[in-house]
Amino acid sequence: MSLSRSPSPNKGGGWSSPGLTTRFDNLSGRSSPRKTYQLNGGIGSNDVTWATAKARSDGVNGYPSFSTKNNGFFSRHARQISKSLPSFVKGAEKEKLGRGRWYPNSGSRTGRILGFLGRTIWRLRLRLLVVLSFILAIVIFYVTPMHRAYRRASVLGGGSKFVIILAANQGGGVMEWKGPREWAIERDSVKNKKKYAKKWGYNLEIVDMSTKKRYAHEWRESWEKVDTIRNCMRKYPKAQWFWWLDLNTFVMEPSYSLQKQVFNDLSSNTYRDINSYNPLEITHPFNNTQLDPESLSADGDGKASSIDLIIPQDCAGFNLGSFFIRRSTWTDRLLDVWWDPVGYEQKHMEWEHKEQDALEHLYINQPWIRTHTAFIPQRKINSFPKGACGENGEDPRIHYKEADRDFVVNMAGCEWGRDCWGEMYNFRELSNKLNRTPWEKFKDGISDRIKAMRAKPAEKTDDKS
């Protein structure tokens with residue numbers, strides 16, 4: 001039914017909507033009132049028709065007046081592209097789009113599990129990122145060589161500030177022949193020090209003590225220790241502390257760093273008053289009132305920064321199988337006096353322990369030596385096996401304790417009536433056992449159980465026979 005023949009709701013005809021009343025209403029043969037809108041005070045009427053109202057509505061909906069709707073090049077192609085994309089609708093269209101594809105929630109148990117895991121990982125993505133970053137940092141700094149560079153850097157780990165001096169005696173001493181056992185001891189000792197120095201980024205100087213230097217027409221065997229320290233200080237100008245180790249020493253706990261074991265808390269790890277443990281019964285401090293207050297004090301100035309020499313003491317006095325010395329002006333002066341050929345010529349026949357007795361002599365008679373010397377408990381850096389200093393039985397201040405996991409063991413004097421290679425071998429195996437990884441402990445546990453199971457049938461067979 002056309003609009004022109006429908007009855008008008010208004011009296012006398014006509015429509016309440018201006019768009020339904022046009023100037024062509026008379027063509028139908030009926031007349032109806034027509035409303036017009038005049039602009040500019042009635043000058044030039046503007047008839048609002050249905051077509052103009054619709055055109056304005058289309059302009060408001062986003063189609064500009066200067067462009068025909070959906071007739072441009074981009075509009076046509078945009079419609080074609082949008083039609084080709086999948087639309088997520090319900091019913092038959094969803095089934096059509098999902099045909100031939102696999103979705104996690106398609107109904108199988110595996111799909112549901114994978115979907116659940118995927119959603120869980122997505123919700124916990126930030127926490128997982130933190131955990132993965134932590135694992136990556138551990139791999140970089142503890143598995144790759146990166147941790148060695150970190151530990152060696154003077155600003156970070158500080159490993160380059162330490163030098164380990166090992167007296168290897170690779171060619172044998174004066175009038176000494178080296179057999180297979182001596183070579184085996186040297187091989188194990190050198191390997192042990194290399195592994196430890198590499199782990200913590202320390203410098204390692206292996207000194208061939210067979211190269212002798214001559215002073216005052218005498219061979220000074222074992223006195224080269226002093227001259228060797230001086231040469232190492234020239235070779236490593238940036239190092240601060242130098243750690244001397246004899247060949248018969250073995251690092252039992254490679255997980256202990258020198259910083260943690262000694263130098264991070266030097267004041268509490270050392271003692272200045274020799275009366276705390278004084279096997280030589282040295283009178284300390286001096287009684288001469290003409291000396292300065294530091295020389296008259298049992299602890300010197302009491303500052304850790306003034307310590308330049310750290311020595312352990314065994315049952316017989318000073319022990320230089322493992323000791324520390326720091327680069328300083330005081331150290332240069334000490335090395336000069338210690339290496340003085342005049343003192344050697346006068347006393348070398350009396351000094352049974354050579355350079356060790358010489359240092360004891362200087363400590364007893366020279367006040368300036370005591371103010372920069374500190375002592376460290378023997379088991380802190382230089383534990384002895386039971387055979388050393390064993391005349392009075394086992395001494396808890398001197399001898400190695402497996403339960404306490406002592407740092408270093410020194411087989412001192414093993415060449416005099418003891419088996420050096422046997423002691424070195426036993427301590428090496430013990431160190432390997434104590435420092436096993438969890439995986440190695442697990443494998444060893446399984447191996448021990450298998451051996452025990454095999455041993456039981458053998459014992460039963462022996463009993464029957």
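A salt bridge is taken here as a side-chain nitrogen of Lys or Arg within 4 Å of a carboxyl oxygen of Asp or Glu, and a search of the whole structure finds 16 salt bridges. The structure is a predicted model, in which local features need pLDDT of at least 70 and side-chain atom pairs count only at pLDDT 80 or more, whereas totals for chains, interfaces and linings use all residues. Residues are numbered from 1 along each chain as its sequence is written, and side-chain values use heavy atoms, with hydrogens and water left out.

The secondary structure of the protein chain comprises 18 helices and 13 strands, where helices (H or I, at least four residues) and strands (E, at least two) are DSSP runs numbered from the N terminus. Of the 465 residues of the chain, 35% count as buried, buried meaning under 20% relative accessible area, exposed over 50% and partly exposed in between (1.4 Å probe, protein chains only). Contacts are defined by heavy atoms within 4.5 Å; among those between residues at least 6 apart in sequence, 68% join residues at least 24 apart.

Helix 17 (residues 420-434) has 15 residues and reaches 21 Å from its first C-alpha to its last, close to the 21 Å expected at 1.5 Å a residue, the expected span being 1.5 Å times one less than the number of residues. At the N-terminal end, helix 17 is capped by Asp419, a side-chain oxygen of which lies 3.3 Å from the backbone nitrogen of Trp421. The buried residues of helix 17, which include Met424, Phe427, Leu430 and Ser431, pack against helix 7 (180-200), strand 8 (249-251) and strand 13 (408-410). Ser431 has a relative accessibility of 6%, and its side chain reaches the backbone oxygen of Met252 at 2.8 Å. Leaving aside neighbours within four places in sequence, Ser431 is in contact with Phe250, Val251, Met252 and Pro254.

Helix 7 has 21 residues, and its end C-alpha atoms are 31 Å apart, in agreement with the 30 Å that helix 7 should span at 1.5 Å a residue. Its buried residues include Asp188, Asn192, Tyr196 and Trp200, and helix 7 is followed by Gly201, whose phi is positive, near 75 degrees. Asp188 is also linked with Arg428 and Glu429 in a network of salt bridges.

Further charged pairs join other parts of the chain. The side chains of Lys235 and Glu205 meet in a salt bridge (2.9 Å, N to O); Lys235 lies in helix 8 (residues 224-235) and Glu205 in strand 4 (residues 203-207), so the pair ties together parts that are 30 residues apart in sequence. Glu205 is buried, with a relative accessible area of 15%. A salt bridge of 2.6 Å (N to O) is formed by the side chains of Glu253 and Arg405; Glu253 lies in the loop between strand 8 and helix 9 (258-261) and Arg405 in the loop between helix 16 (378-381) and strand 13, so the pair ties together parts that are 152 residues apart in sequence. Glu253 counts as buried at 1% relative accessibility, whereas Arg405 is partly exposed, with a relative accessible area of 26%.

Terms used: A polar contact is a pair of N or O atoms within 3.5 Å; within protein, one must be able to donate a hydrogen and the other to accept it, and residues adjacent in sequence count only if both atoms are side-chain atoms.
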